[in-house]
Amino acid sequence: MGNDDSLEEVFNKYKDNEFESIPEPARTLVCIYSAHGIIGNGGFRFFFENNFNDNNEHAINYIISSYNNIGLIYHALAIKEVLGLFPDSKPHEDLNKRREFLAKYFDDESTSYLEEIDSAEEVFFSEYEKAFKYAVKYYESYNQ
């Protein structure tokens, strides 16, 4: 699986699937590449603005499990910590209401910005490539 064509094949096969319907270990690979790419591109604000194909709460739980699967428990804990900043630890289902919350608390220029976002994002931005490598290694360990 070490080449880009193999990765592309996995993503093309499952790109429109809900995480729930993707078998392991492909689910972990897809979850990590999806989540890590989104967070790396725009931080947790961008991540939580996203509507995943399946129920967002389930998708986020699959993503947390995927970070645990590849041994990056601090990443999983960081997502859990950020989830805990939302009322009832759940991002609002309505995207507009969720965006209002994110603009108020997740925008670093807001007077209500939550400092916990910085430390959680630092977990993801330090050694950024590690998650992708671990996800591929995890997938390959099941497909040899």
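At what angle do helix 2 and helix 4 pack, and how far apart are their axes? In this predicted model, helix 2 (residues 26–49) packs with helix 4 at an angle of about 20 degrees, and their axes are 12 Å apart. Angles under 35 degrees count as roughly parallel, and helix 2 and helix 4 are therefore roughly parallel to each other.

**Helix 2 with helix 4**

- The crossing of helix 2 and helix 4 is left-handed.
- Helix 2 contributes His36, Phe44 and Phe48 to the contact, while helix 4 contributes His75, Ala78, Ile79, Val82 and Leu83.
- Six nonpolar and two polar residues make up the contact of helix 2 with helix 4, and no charged residues take part.

**Helix 3 with helix 4**

- Helix 3 (residues 56–69) and helix 4 (residues 73–83) have axes that come within 6 Å and cross at roughly 155 degrees.
- That angle makes helix 3 roughly antiparallel to helix 4.
- Helix 3 passes helix 4 in a left-handed crossing.
- On the side of helix 3, the residues in contact are Ile60, Ile63, Ile64, Tyr67 and Asn68; they meet Ile73, His75, Ala76, Ile79, Lys80 and Leu83 of helix 4.
- By class, the contact of helix 3 with helix 4 comprises eight nonpolar residues, two polar residues and one charged residue.

**Helix 2 with helix 5**

- The axes of helix 2 and helix 5 (residues 95–105) come within 9 Å, with a crossing angle of roughly 165 degrees.
- Helix 2 is thus roughly antiparallel to helix 5.
- The crossing of helix 2 and helix 5 is right-handed.
- Arg45, Phe48 and Glu49 of helix 2 meet Leu95, Arg98, Arg99, Leu102 and Ala103 of helix 5.
- The contact of helix 2 with helix 5 holds four nonpolar and four charged residues, and no polar ones.

**Aromatic residues**

- The structure holds 15 aromatic pairs.
- One aromatic cluster is formed by Phe44, Phe47, Phe48, Tyr67, Phe86, Phe101, Tyr105, Phe106 and Phe124.
- Among the members of this cluster, Phe44 and Phe48 also take part in the contact of helix 2 with helix 4, and Tyr67 takes part in the contact of helix 3 with helix 4.

**Asp118**

- Asp118 lies in helix 6 (residues 116–125).
- With a relative accessible area of 39%, Asp118 is partly exposed.
- Asp118 and Glu49 are separated by 69 residues in sequence and by 17 Å in space, C-alpha to C-alpha.

Conventions
Residues numbered from 1 in each chain as written. Predicted model: local features only at pLDDT ≥ 70, side-chain atom pairs only at ≥ 80, totals over all residues. Heavy atoms only, no water. Axes fitted to C-alpha atoms, helices over the stretch in contact; angles between N-to-C directions. Helix = DSSP H or I, 4+ residues; strand = E, 2+ residues; numbered from the N terminus. Parallel < 35°, antiparallel > 145°, perpendicular 65-115°, else oblique. Left-handed = near helix turned anticlockwise from the far one by under 90°. Contact = heavy atoms within 4.5 Å. Nonpolar A, V, L, I, M, F, W, Y, C, P; charged D, E, K, R; others polar. Phe/Tyr/Trp six-rings, centres within 6.5 Å; stacked < 30°, edge-to-face > 60°. Buried < 20%, exposed > 50% of the residue type's maximum accessible area, 1.4 Å probe, protein only.
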